[in-house]
Amino acid sequence: MKTLHTHILGFPRIGARRELKTALEAFWRGATSEAELEAAGTALRARHWAMQAGAGLELVTVGDFAFYDQVASHIQLFGCEPARFGFDSASSPLTRYFAMARGERSDCCAKDYAAPHGSHALDMTKWFDTNYHYLVPEFGADTAFTLAGERLLAEVAEAQALGHRVKATLIGPLTFLWLGSARESGFDRLSLLEKLLPVYTALLMRLKAQGVEWVQVDEPILGLDLPQEWRNAFEIAYWLLAQSGARIMLATYFSPLEENLGLACRLPVAGLHVDGVRAAHELTSVCDWLALPKVLSVGIVDGRNIWRTDLDTAIGLLAPLLDKRGELWLAPSCSLLHVPLSLADESALDPEVRSWMAFATEKLDELATLKAALGGAIVPQLAEARAAIASRARSTRVHSDAVAARVQALPAGADRRGAPFATRQAVQRARFQLPPYPTTTIGSFPQTAAIRAARAAFRRGALPLAQYQSAMRAEIAHAVARQEALGLDVLVHGEAERNDMVEYFGEQLDGFVFTQHGWVQSYGSRCVKPPVLYGDVARARPMTVDWTVHAQGLSARPVKGMLTGPVTILQWSFVRDDQPRALTALQIALAMRDEVADLQAAGIGIIQIDEPALREGLPLRRARWDDYLAWATRAFRITAGAAQDATQIHTHMCYAEFNDILPQIAALDADVITIETSRSDMALLDGFGQYRYPNAIGPGVYDIHSPAVPGTDAIERLLRKAAQVIPAANLWVNPDCGLKTRGWAETEAALANMVAAARRMRAHD
Ligand code: GLN
Ligand code: ZN
């Protein structure tokens, strides 16, 4: 007798029409009440559970919903809200929740809390290697835990009242501690485990008493390089949790288990979920090591991408596991939070490409089909899926002979500039005659309401092309004139015509399609709609040359051409799973290389290739870093490789931990790199100094995330600090990042002070 179950680790919560976003923003504006926001959450949960039940899932997953972030919800659940917020007993849980998420603002609250240690929001950082951002718990020696939040238990009751059988989901205690930050330096988060575990146990007992059949406990850190003490802690922790009597499905995802495989299989839990997409090669070992009657849950449907599952391959992988074990659970590899909700309303999507895709809802159907087929039923959906997979595999829209030939014929030195940096620097100095401490910006200027309105009207078809172009040209002229008046040395055109730095290029490159509603939560109410890269990438025609040449025609100063780099385009899109990411990056690099060549041929002497996502592409496991960094930096160099010695290549990266990848940053061999450093008070630059970073650097001298106008003295102080670390001859002066989210008034005031500070530096030296 064979038993098959299907379940999911989590579901998108934002809603098909981003209802959660609408509800949140209305509440934050003060337009709706707490009760109205709660009602919106209740409606979304009910709808999403109904979809799960409708797809034949015996258990719906409860606890994946959050008004802002699941980690923040756990902070409340376990009563460890940081004391610095100074919450009083009168504030409601939701008020406190949003204060942690968004900071306390005197302008939106009747009462100014003004906590002694400030009340800025919790830090936000990336959830493993996804583009989802979670709120970072703050832990210290005095952190205490209590079972404080009733929300999870209430949601369980809500689901049960709707007639569902429930699997609750929780972030596991070790992952929860791992994700937090230590408030005092040297504080060991792991030391809190002893205090935390009784609260988990109490919660598990309550869930069990409430009739919850299974509790999924997520420990994705089992896929990381863990310090030995953390590995050791698992056994004792789960032995204690087992005392609750709850049936635990331990969930791992995003990464192979490797040296933690034996550990994960040994833990005293009722079931283990593994990522069958990213760690398919471990399935046999897990199957062997996981002793019956423990349940194996295989994450066979890709929760990180939007392609249909190859069901035949999946069945081939699963059938022997089912034979051996007699029971198997089938699931997506991870929570479906990371994919859009449904293809149903994607009416504008190319029908052929659409037939290859599966969003969260379609992934639920895939689970149902797999379950039926593995159970021996004849399922028509299997034939349909097979046809879609075959059509994708042989489509000439996916595979271009020209692109393949170009990759084949790529000469060995294509990723090298002609001369070494020192020579190029001399040639470029002679060409551009820039003063010491040259000033520039990162690319975008304020995206005003007028700009956005014009772009939207053009997209709707309400503004004819010629009018749209002249509106954008006027915006560019405006930006150029302002920069000249400010006395900036290297100008930009301002990116008025760009909606988004990846979408702008994706829309013009072959191999991409765009969804209408393919939103994925990034954090809180913020969503992104990643482009879908489905086929070989090629550039039909120049993408930025006209705008840039127009800008250059308006000034005698150099105007910097502005491109997005191949790794960032790759990282911020849903990309194909039928070839290595390295090859996709290379194809994008070749297309962008043509743009570099065309800009150069059109007389643009300085070209910036933005790579803010280079670091975030790092694999979760250190052992894979070298391989990734090798192809990622090569892709950048291939893009830049079209530049002659006299053409100056800039790159830009936002705030990131650069210290452990400095050799690879240097290997990009950009003539100038601009980075975000002001928030670290230039500390980020120390690593570059110690490494003796050879090329020029523009450390950001003010934070563009705030409307505050930095003073000339403050900027000068930062520049002096920078000049102690980096040779003055290699220093540039610029803001931290692009200015598109700022208004013109503060932008001009800040840049005027920045230019004044650079002039002071020149005068003193
Ligand atoms: N050139 C882009 C801009 O200025 C860079 C944005 C980014 O670094 N994310 O907006
Ligand atoms: Zn940036």
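In this predicted model, the largest nonpolar core comprises 219 residues, among which Val215 and Met754 touch the most other members. Helix α22, spanning residues 581–601, makes the greatest contribution to this core, supplying nine residues. In soluble globular proteins, nonpolar side chains tend to be buried together. Beyond its neighbours within four places in sequence, Val215 has contacts with Ala168, Leu170, Leu204, Leu207, Ala246, Arg247 and Ile248.

After α5 comes Gly163, which has a positive phi near 90 degrees.

Two further positive phi values belong to phenylalanine residues. Most residues other than glycine have a negative phi, and most peptide bonds are trans. Phe128 has a positive phi near 50 degrees and is placed in the loop between β3 (124–126) and β4 (133–135). Because 17 other C-beta atoms lie within 10 Å, Phe128 is classed as partly exposed. Phe254 has a positive phi near 80 degrees and lies in the loop that runs between β9 (248–251) and α9 (261–266). Phe254 has 25 C-beta neighbours inside 10 Å and therefore counts as buried.

The next region is helix α10, residues 283–289, which contains Val286. Val286 is buried because 22 other C-beta atoms lie within 10 Å, the threshold for burial being 20 or more. Apart from neighbours within four places in sequence, Val286 is in contact with Leu261, Cys265, Val274 and Leu296. The C-alpha atoms of Val286 and Cys265 are 6.9 Å apart, although 21 residues separate the two in sequence. The loop between α10 and β11 (295–301) holds Pro293. The peptide bond that joins Leu292 and Pro293 is cis, with omega about 10 degrees.

Helix α14, residues 380–394, can be examined by its length and by its sides. At 1.5 Å a residue, its 15 residues should span 21 Å, and the end C-alpha atoms are 22 Å apart, which agrees. The buried residues of α14 are Ala385, Ala388, Ile389 and Arg392. These residues cover an arc of only 95 degrees around the axis, so they lie on the same side of α14. On the other side of α14, the exposed residues are Pro380, Ala383, Ala387, Ala390 and Arg394. The cover over the buried residues of α14 includes α11 (311–325) and α13 (360–374).

Ile715, Glu716, Leu718, Leu719 and Ala722 are the buried residues of α26. Their arc around the axis is only 160 degrees, and therefore they fall on the same side of α26. Asp713 and Gln724 are exposed on the face of α26 turned away from the buried side. The buried residues of α26 pack against α25 (684–690), β22 (696–699) and α27 (744–764).

Helix α23, residues 625–640, includes Thr639. Thr639 counts as buried because 32 C-beta neighbours lie inside 10 Å. Setting aside neighbours within four places in sequence, Thr639 is in contact with Gly565, Pro566, Ala589, Met592, Arg593, Val596 and Ile609. Thr639 and Ala728 are 89 residues apart along the chain, and their C-alpha atoms are separated by 28 Å.

The description ends with the surroundings of ligand 1. There are 13 residues around ligand 1, and the closest are Ile442, Gly443, Ser444, Pro612 and Gly738.

Note on methods
Residues are numbered from 1 along each chain as its sequence is written. Chains are lettered from A and ligands numbered from 1 in the order in which they are written. This is a predicted model: local features need pLDDT of at least 70, side-chain atom pairs count only at pLDDT 80 or more; totals for chains, interfaces and linings use all residues. Helices (H or I, at least four residues) and strands (E, at least two) are DSSP runs, numbered from the N terminus. A residue is buried if 20 or more other C-beta atoms lie within 10 Å of its own, exposed if 12 or fewer, and partly exposed in between; C-beta atoms are placed from the backbone. Two residues are in contact if their C-beta atoms, placed from the backbone, lie within 7 Å. A nonpolar core is a set of buried Ala, Val, Leu, Ile, Met, Phe, Trp, Tyr and Cys residues joined through C-beta atoms within 7 Å. A residue is near a molecule or strand if its C-beta atom, placed from the backbone, lies within 6 Å of it. The expected span of a helix is 1.5 Å times one less than its number of residues. The arc is that of the directions from the helix axis to the C-beta atoms.
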